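Hello,

Here is the structure I promised to pass on. Please look it over, then read my notes below.

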Amino acid sequence: MSELPRLIVSGILSGGIYGLLAMGLSLQYGVARVLNIAHGELVMVGAMLTWFLFTSFNINPLVAAAIIGPPLFAIGFLLQITLFRGLKAWAPSQAAFEGNALLASFGLLYIISYLGLLEFGAYPRRYDWLNYVVTFAGMSLRLNRIVAFAVAVAIGVAVYLFLTRSRLGRAIRATAEDPATAGLMGVNVNMVLALCFGLGALLAGVAGSLISMINPVGTTMGFRNTVIALIVVVLGGLGSIPGSFIAGIIIGIVSSLVTGFWQPVYVVPVYFGILMVLLLARPAGILGKK
Amino acid sequence: MRILEGQGVNKYFGGLAAVSNMAFHIDQGEIVGLIGPNGAGKTTLFNLISAALPLSSGEIRFRGRKLNGLKPHQICKMGVSRTFQETKIFGNMPVSQNVLVGAFFGSPNRVPAEDAAREVTQALEFVGLSAMRATPVKDLTLVNQKRVEVARALATKPELLLLDELMAGLNPTEISESMKLVTRIRDTGITILMVEHVVKAIMGICERIMVLHHGEKIADGTCREIAANKTVIDVYLGEGAHAGS
Amino acid sequence: MDITRFISTHRKLLLVGVSLLIILGFLATLPLYGGVYYTRLLTTILMYVILSVSWAMFSGSTGYMSLAPAVFFGVGIYTMGFLQRILPFPVIIPIGGLLSFIVALPVGLVTLRLKGIYFAIFTFGLVVFMREVVAALESDLFGRVGQHINPLPDETMFYAMLVIAVATLLAIYFIRRSRLGLAMLSIGGNEEAAAHMGVNTIRVKVLTFAISAFFMGLAGVIMAPMKIYIDPRIAFSPIYSFMPILMAVFGGMGQFYGPVAGAIIFAYLEKTLRAQFPQYFMLGFGIILVLIILFLPNGIAGLVSKLQNKLGGVIAKLGKEGEAE
């Protein structure tokens, strides 16, 4: 049982990144109303680019994250103004738009996934940066995981402050609540939607950078991370940042415990059990709005 | 005979009481109006009766049977039907099919196809839409879409019909025709409870009026009594009299 | 004469009926002259026809976008895997369908009360879940993951798929015209209103969901021998959810022939693309999907309807001008 504290801490460390994963998806759906199934693919892109920058130019992952952030933001921004805005304009109803957007994001999933396969090849690769063990409060933990967790939380706090304190942040939240009213009050709704989608993509890429510090980078990581992001988002509530982090940490701990006390192969089924119970009891998640 | 009654009806949304400790009754064969300013709780009350929303507390009885905990389709089969404020028609289906849904599923027993078809024809004739039976409902004008809703509700063979702002958005001619339609419906033996903002309609056809304000019933009486009621005039009719008549 | 009058009044029906019989005859004799490649291609096309039409029956009419076809298809595949040595093939087929139906019932009951997008998420996750659970159970209970499927003659699989495809199309045709079909459409039109007009929406949704799962399970059983080797990754692969959706959307869900057309076109495209340009298959699939969603949301059938309307309008106009003169 002395394993327990270490497992829990390990889970928390993973959970920070899960929270970051969910944040991006949450922004995209909460504001732009696009459930981006290709989210995980953008994570993969971030991870691959970071791997590339580290192995080719010896750029450390945190700096790499800052480098890949803007282009990923641009990709998300452009996707929203072209693809998803077009879909919105043509769709007969909100539900039809969301359904079509979901399907379109499937298409994106295949496109990005293929491009990843083409560039990266079929085999996962890893690199080592800060990959050594430190003792922290009597437990042996790897430094890269601690750093990744700290950065994830820092980013989360920054985004949270941005959304709650800044003018643009308030505009974003208003648009998420009620786009029509926000528009009437002078918010450039179209710009906000595009910004949020771009921000979501940026967060995905950065999460990918952080993940690449810890796990091998491969072409299957896209799908896996999308599933995690989805579960965390539903658990934590679509649209809530604190919720995403709390849920991320819970999921991280669950994953850690199941791996430690049972078998890794049961992790996803357990996630799913939680998801099912939640969707029945409170479809809005822990701290969700709707 | 009391066909519908409610006692101690409450509905809370979070901390807000949309309907507060309401008691009401409707007798068979009446046309009762339900008026009040926006947000007074009128549509909420409809939603409670038809079970679109669950009660927070209290009870509503139809023909003596408690409606608490039942689902909308069960209440429909018992004999309560309704129309909606934002016309909830089946847009892509033709008029006849919209009404057919009501004819087939509105009864507690299985309805044979020929009977259902006959129901549809009769209902369409009653509201005057026979000529448009094949038109997709989304292509109709607002007043005709509302007629489809009425025909559809009638096809479920209700004893009590709830009409939610049937006259909203209609011009004076359409309002007059709709008023005649409502009276004709009552003449076939159906009891009617109608939410309305159009004062002319309320005063013209309702025998009794209930007035809601902030979720509470503040008055209940004949048209004349309500028109003379000081509280009501203060709260509502004062503005409404200018707007609607 | 009676016959000529019968023919003239039922002209359209007879035309459709006769052409269908010709197609059926053509298909039924295919293995004789088609060769292995075409027989297998047609089997795959028929499989996709079953999947896309079943998907459209539920999701098209009720408006709930289900990403679960891969689950029920996979159940069929695994049923074949486990029963192949115990029971004869024709008996396994309905069992696979039945198991899928049974799995779909609680899934539907649990999830169909969810709002649209959550339902989509859940059914998407269900595919992943099944894959992981089956893998976990297999490794725990049997010590290995995946199994070999004894191959069956191409003609057997083809005819089985043909029979099931025809049965599926007929069944769905009649369901659409039945009370259940009307109830489904009313739910898609406006679920709240449908409930208030007496439709037991939960029962209708769950039943329709389970019926569509049944057909998907049938297809899975038949397809299994063609795969030779199955494991959870292969059996519960998301592509078997995406493809039917793409096919139905591309073909157009409003009309009956829409998903069928979509299935034929896309199954053919998939097979040939995979064969000729295996590296670019995924890329092409993704691009096509996005383009179709963007420009043809109502699919081919919707386009055809629009054209018919426009054409009809033009003809009517010409007719009127003709009369005026």
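What pLDDT does chain A average? Chain A averages 83, where pLDDT is the predictor's confidence in each residue, from 0 to 100. At least 70 is reached by 96% of its residues. Two residues are in contact if their C-beta atoms, placed from the backbone, lie within 7 Å. Where pLDDT is low, the predicted coordinates should not be read in detail.

This is a predicted model: local features need pLDDT of at least 70, side-chain atom pairs count only at pLDDT 80 or more, and totals for chains, interfaces and linings use all residues. Residues are numbered from 1 along each chain as its sequence is written, while chains are lettered from A and ligands numbered from 1 in the order in which they are written.

Next, chains A and C. In chain C, 32 residues contact 33 residues of chain A. On the chain C side, helices H6 (116–142), H12 (239–251) and H14 (281–295) each give two or more residues. Helices are DSSP runs (H or I, at least four residues), numbered from the N terminus. H6(C) gives the largest share, 14 residues. By type, this side has 25 nonpolar, five polar and two charged residues.

Then chain B. Its domain 1 is 1–79 + 158–221, and domain 2 is 93–157; the bounds come from an automatic or database domain assignment. Their centres, over C-alpha atoms, are 22 Å apart. Nine residues of domain 1 contact ten of domain 2.

Best wishes

Key
Nonpolar A, V, L, I, M, F, W, Y, C, P; charged D, E, K, R; others polar.
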